[in-house]
Amino acid sequence: MKSASALAFAAAALLLAAASASAQVKPDTAALSPHPIEVQAKPIVTFAKNGEPMSNRYLEWRGGLVLTSPSEHFGGLSGLILGKDGKSLVAVSDSGTWITGTVAYDGDRPQALKSVRLGALKALKGKPLRKNRDRDAEALTLASGTSAKGTAYIAFEQNDRIGEFPLDKNGIGAPVRYLTMPADAKRMRRDGIEGITVLDGGPHKGALIAFSENPLPGEKQHRGWIWIGGQPQTFKVPGIGDYGITDAASLADGSVLILERRFRWFDGVRIRLRHLAAEGLKPGGTAAGEVLLEADSSKEIDNLEALAVTQGSRGETVVTLLSDDNFNRFLQRTLLLQFTLKDDTLAAKRP
């Protein structure tokens, strides 16, 4: 008779194989035109699956949604922008699409995603992205203006690049330029840039920063880059365990939250939210950070890859997480989760 550990390993192998097979079959978006889609939202009442209230020194649970759609193009969401009020939503997927919509609330709790439109990301001069390796958008952040009318940076993996794209009522337009990439980009392969944000404060306010998902080959620390005068310069982020960085968002003081993820055969998926002080986010710096949240499959989590920071109606800091279902609707979910950051508690820990 097989041991329990052997059976668990076999079950995990089957699930991973099914997920990998499904994730590889992404819809072709080359000829996709912008159009409205229907998105259903099922509220998540508690962060813990057993219904227990959340107890965390730094974060309070606000609410969440399980998002589904009959559209074959909905899924794979890996980058997120929310308007300052937390309602206007823009997201990108690793299949090369964008979505826009409005998050509706019941008080502080997200209740629905309305008026959703979906379209394809474009190459320079509006040309279609025909190759899968060119469509793999992994991170999104606001560069200037607003989510309704402004510009955004989008980071792509495989064919590693960061582009500047216009935002307006019609969605995301064709890129106007691409940034100078770090020389290390040639070594990234599939461990490329997964998190980007523009600093909202500190000595380098307005600078773009980016993070590699995993340490580069032969290294033990994650690489970060900050663009000064249009040129990327390196800083380091020591890892804690074997988590990969999946996104980033700046706070008003120039410090940064990073979203991290880990998968192990017998442990499943775990996620973590870490705070990096502004002092280390500079050329040659080291941003060690402090863990604010760590959660496993006993909580309402999935493959969380997108992070945004906004303000609530009382001026509180709201943290929003979004998951990538890998277009594998049988085993994974698209989740939108929201927390309130206890600013006074976090401030007490800052130097």
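Predicted model: local features only at pLDDT ≥ 70, side-chain atom pairs only at ≥ 80, totals over all residues.
Student: Which residue in S20 stands opposite arginine 272?
Tutor: Strand S19 covers residues 268–276, and S19 pairs with S20 in the antiparallel sense over 5 bridges. Across this pairing, the residue in S20 that faces arginine 272 is glutamate 294.

Student: In the open sheet of S13, S14, S15 and S16, which strands have a single partner strand?
Tutor: This sheet has 4 strands in the order S13-S14-S15-S16, paired in the antiparallel sense. Its neighbouring strands are turned against each other by 25 degrees on average, direction ignored. At the edges, one side of a strand is left without a neighbour in the sheet, because each edge strand has a single partner; these are S13 (193–198) and S16 (231–237).

Student: Which residue in S16 stands opposite glycine 224?
Tutor: Strand S15 spans residues 222–228 and pairs with S16 over 7 bridges in the antiparallel sense. Opposite glycine 224, the residue in S16 is phenylalanine 235.

Student: Which element gives the most residues to the largest nonpolar core?
Tutor: The largest nonpolar core has 25 residues, and Phe47, Leu307, Leu321, Leu337 and Phe339 touch the most other members. Elements that give two or more residues to this core include strand S3 (59–68), strand S18 (256–264) and strand S21 (304–311). The most, 4 residues, comes from S23.

Student: How many residues make up the second, separate core?
Tutor: Leu82, Ile99, Ala120 and Ala306 are among the members of this second core. The number of residues in this core is 21.

Student: Is lysine 125 buried or exposed?
Tutor: Lysine 125 is found in the loop between strand S7 (109–120) and helix H2 (132–135). Its phi is near 65 degrees, a positive value in a residue other than glycine. The relative accessibility of lysine 125 is 79%, and the cut-off for this class is over 50%. Lysine 125 therefore counts as exposed.

Student: Where is asparagine 326 found?
Tutor: Asparagine 326 is not a glycine, although its phi is positive, at about 55 degrees. Its place is the loop between strand S22 (317–323) and strand S23 (334–341).

Student: Is serine 71 buried or exposed?
Tutor: Serine 71 lies in the loop between S3 and strand S4 (77–82). Not counting residues up to four places away in sequence, serine 71 touches Ile37 and Arg329. The relative accessible area of serine 71 is 12%, under the 20% cut-off, and serine 71 is therefore buried.

Student: What is the volume of the largest cavity?
Tutor: The count comes to 1 cavity of 30 Å³ or more. Among the residues that line the largest cavity are Leu199, His204, Ala278 and Leu281. The volume of the largest cavity is about 40 Å³.

Definitions and conventions. Residues numbered from 1 in each chain as written. Heavy atoms only, no water. Pairing = 2+ DSSP bridges. Buried < 20%, exposed > 50% of the residue type's maximum accessible area, 1.4 Å probe, protein only. Core = buried A, V, L, I, M, F, W, Y, C linked by side-chain atoms within 4.5 Å. Axes fitted to C-alpha atoms, helices over the stretch in contact; angles between N-to-C directions. 1 Å grid on protein atoms, 1.4 Å probe; cavity = no way out; pocket = protein on both sides within 12 Å on 5 of 7 lines; lining within 4 Å. Points joined across faces, edges and corners; volume = space filled by probe spheres on them. Contact = heavy atoms within 4.5 Å.
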